[in-house]
Amino acid sequence: MKCAVVYSSLTGNTYKLARGIYKGIKEIERFINVDDVDFDELKAYDTIIFCYWNARNTVDPDAMKFINSISGKNVFAAGTLGAYPDGKSGTMMKENARKLIEENNNTFIGEFICQGRIDPVKTERRQRMSKEHSHYLNEERLKRHIESRNHPDLNDIAAAIELVKKALTLDED
Ligand SMILES: Cc1cc2nc3c(=O)[nH]c(=O)nc-3n(C[C@H](O)[C@H](O)[C@H](O)COP(=O)(O)O)c2cc1C
């Protein structure tokens, strides 16, 4: 196995998760920003830890472009999102990521998602909206925004590492 992490990140959450996975698994050889991928170099890697963020319930645009450019790889999908991972948005993003991976003749080998910090500026903007607006932050939504500020945390990263190791069948050592 030859494995690389390829990540896309706008505000740093997915970078943090991706970096944690890379640092936590010594068998992963490369850590590559999605904008810097050299597809010739990537030919040598059979396994990709594909790290993306949720944009409107699917894979973010840069990650989407990347995943549509590879085939014949083993791919583990690791994503971050603003919503709770076990909600509708999390379910949809996982389904969409898996579909994109498999559509391009890659083998889906596992997945992990966790919350990522929502910018407080965004939270404040939504708090100022009228109560009738569909994006207005009620108490429950505000709680989720505030909780998101702690993620990805060390527990998220540890859980991701465990799942990636399992997928790479490195968990016995
Ligand atoms: C344009 C845009 C669309 C987003 N859409 C969603 C969404 O549909 N569901 C969700 O849970 N989070 C959504 N988010 C939040 C991001 O997925 C989340 O903050 C993520 O952790 C950002 O990762 P990054 O810090 O690596 O850029 C969106 C963020 C942006 C900027």
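Reply: Start with a term: domain bounds come from an automatic or database domain assignment. This is a predicted model, in which local features need pLDDT of at least 70, side-chain atom pairs count only at pLDDT 80 or more, and totals for chains, interfaces and linings use all residues. Residues are numbered from 1 along each chain as its sequence is written.

Me: Which domains does the assignment give the protein chain?
Reply: The C-alpha centres of the two, domain 1 and domain 2, lie 26 Å apart. The assignment gives domain 1 (3–116 + 151–167) and domain 2 (118–150).

Me: How many residues of domain 2 are in contact with domain 1?
Reply: Contact means that two C-beta atoms, placed from the backbone, lie within 7 Å. On the domain 1 side, seven residues take part. On the domain 2 side, the number is five.

Me: Is Ile157 buried or exposed?
Reply: Ile157 sits in helix 7 (residues 154–167); helices are DSSP runs of H or I, at least four residues, and strands are runs of E, at least two, numbered from the N terminus. A residue is buried if 20 or more other C-beta atoms, placed from the backbone, lie within 10 Å of its own, exposed if 12 or fewer, and partly exposed in between. Ile157 has 21 C-beta neighbours inside 10 Å, so Ile157 counts as buried.

Me: Which residues does Ile157 touch, not counting residues up to four places away in sequence?
Reply: The contact rule is again C-beta atoms within 7 Å. By that rule, the residues touched are Leu17, Gly20, Gly24 and Pro152.
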